[in-house]
Amino acid sequence: MRMNNFLASRWGIISVGAVIGLLAAVLQKLGNPGNMGICVACFERDIAGALGLHRAEAVQYLRPEILGFVLGAFLAALLFREFKPRAGSAPIVRFILGAFAMIGALVFLGCPWRAMLRLAGGDLTAVLGIAGLVFGVWVGTLFLKNGYTLGRAQATSKTAGAIMPFMALGLLLFLFIYPQIQGEGVSGVLFYSVKGPGSMHASLLVSLAIGLVVGGMAQQSRFCTMGALRDLVLFGQTHLLGGVIALVLFAFLANLVFGQFNLGFTGQPVAHTMHFWNFAGMTLAGLAFSLAGGCPGRQLFLSGEGDGDAAVFVIGMVAGAAFAHNFGLASSAAGIGPLGAAAVGTGLVVCLLIGWGMRAKGI
Amino acid sequence: MNSTIDARGLSCPQPVILVMGKIKEQASGAIEILVDTDTARENVSRAAKSKGWKVDRTEQDGAGYRIVILKE
């Protein structure tokens with residue numbers, strides 16, 4: 001057991017937030033979409049598209065950053081003897097929470113990381129999304145105070161714990177076996193966007209390298225955007241919050257240097273101005289993250305260190321992205337999708353029922 | 001008064017909620033906490049310190065850890 005894990009200290013988590021903020025701005029500079037240097041929800045949605053689980057042509061790319069997050073976390077966990085295969089804490093509930101978390105995030109157009117990056121890029125519509133996120137997490141803490149639990153996970157075999165990292169490795173191989181062909185929408189089994197956000201990306205190796213670095217550092221520091229808000233509300237603790245503030249601050253400074261800062265409500269990249277739905281979408285996402293115990297990034301890092309329940313949440317998010325685009329639930333720059341409002345309402349009811357129903361005394 | 005909390009298998013933030021709850025009931029003495037991940041070990045230790053408790057010792061216990069916190 002290591003007692004001197006610097007990254008898990010106060011300055012450690014602040015450094016990790018700063019590095020993520022900087023690297024996100026760098027990824028945008030190198031080709032990723034506007035205020036989307038890193039977005040876990042958007043990138044998992046792009047992966048769903050690359051695999052043909054939805055056919056929204058503008059958002060199909062097997063984002064190497066996400067694969068790097070899982071593999072980087074896996075390697076760091078192995079290196080520091082923190083790879084602990086575990087599973088069995090209400091997987092079906094976690095799948096549903098993942099799906100609705102994604103649906104809520106795609107109504108807003110971003111995960112909590114991107115909400116912070118949008119703010120750091122001057123997109124003021126993100127303020128409503130962040131307010132919704134805080135509200136959703138707060139509702140989740142009410143359930144936590146009343147005994148909400150998904151139950152205990154059990155230790156499981158190394159094979160089970162390694163499934164997610166090996167899936168990431170398999171998908172990474174796909175990227176090399178079926179590389180992007182200039183101007184073509186398909187390469188072997190993979191779909192590639194020719195235009196739209198899915199066509200905008202840094203080079204594969206740079207994206208992968210940054211993904212690996214962020215994955216390793218985040219696994220070691222336990223960086224979590226939802227946890228930052230939850231711990232503040234629930235315990236008055238500001239440990240994780242330091243990382244989130246550093247992310248916003250360093251992304252903001254790097255955006256200024258790169259000329260990527262553009263203050264205003266309108267004309268923001270991959271964003272819409274339906275303020276109520278920005279708020280409501282992130283309320284749903286925040287509640288789902290809170291009930292599942294982690295933001296989308298944290299769930300990826302946990303899946304890398306052998307947490308099979310976090311892996312189910314991630315698969316739920318990918319499935320949710322497919323539903324979101326197949327059923328017209330996802331927003332676009334023009335506003336929410338035809339069934340976006342209905343999906344947010346349904347998701348809130350489902351999450352409230354889960355929060356209410358999953359209570360146990362003397363777990 | 002001494003007591004034990006078994007937080008093994010529980011995910012964030014439940015180990016901390018259990019410890020905070022016990023600290024509220026028990027003003028002093030020793031509390032033994034069993035956790036199974038490094039994150040839970042760090043979180044529980046940080047929470048106890050924030051409430052003025054001292055982390056007396058942390059030992060390997062099977063695949064997890066046994067943490068003992070104290071307050072005079």
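The questions and answers below concern a predicted model.

Colleague: How many helices and how many strands does chain A have?

Modeller: In this predicted model, the count is made on the secondary structure of chain A. That count gives 15 helices and four strands.

Colleague: What is the radius of gyration of chain A, and why is the chain called as compact as a globular protein of its length?

Modeller: For 363 residues, the globule rule gives 21 Å. The value for chain A is close to this, so the chain is as compact as a globular protein of that length. Along the principal axes, its C-alpha atoms fill a box of roughly 60 × 45 × 40 Å. The radius of gyration itself is 19 Å.

Colleague: What share of the residues of chain A is buried?

Modeller: A residue counts as buried if 20 or more other C-beta atoms lie within 10 Å of its own. Among the 363 residues of chain A, the share that counts as buried is 59%.

Colleague: Which element gives the largest share of the side of chain A that touches chain B?

Modeller: The contact takes 22 residues from chain A and 21 residues from chain B. On the side of chain A, strand S2 (154-155) and helix H10 (225-235) are the elements that give two or more residues. This side divides into eight nonpolar, eight polar and six charged residues. The largest share, five residues, comes from H10(A).

Colleague: In what order do the strands of the open sheet in chain B lie?

Modeller: The sheet has four strands with mixed pairing. Strand S1 (2-6) and S3 of chain B are the edge strands, as each pairs on one side only. S2 (residues 29-35) and S4 of chain B pair in the antiparallel sense over seven bridges. The order is S1-S2-S4-S3.

Colleague: Which helix of chain B touches S2, S3 and S4 of that chain?

Modeller: Helix H1 (residues 14-25) of chain B packs on the sheet and touches S1 and S2, with a direction at about 160° to that of S1(B). Another helix packs on the sheet with a direction at about 5° to that of S4(B). The helix that touches S2, S3 and S4 is H2 (residues 38-50) of chain B.

Colleague: Which residue in the turn between S3(B) and S4(B) has a positive phi?

Modeller: S3(B) and S4 (residues 64-71) of chain B pair in the antiparallel sense over seven bridges, and B:Gln60 has B:Tyr65 in S4(B) as its bridge partner. The two strands form a hairpin with two residues between them. The phi in question is about 65°, and the residue is B:Gly62.

Note on methods. Residues numbered from 1 in each chain as written. Chains lettered and ligands numbered in written order. Predicted model: local features only at pLDDT ≥ 70, side-chain atom pairs only at ≥ 80, totals over all residues. Rg over C-alpha atoms; globule rule 2.2 N^0.38 Å. Buried ≥ 20, exposed ≤ 12 C-beta atoms within 10 Å, placed from the backbone. Contact = placed C-beta atoms within 7 Å. Nonpolar A, V, L, I, M, F, W, Y, C, P; charged D, E, K, R; others polar. Pairing = 2+ DSSP bridges. Axes fitted to C-alpha atoms, helices over the stretch in contact; angles between N-to-C directions.
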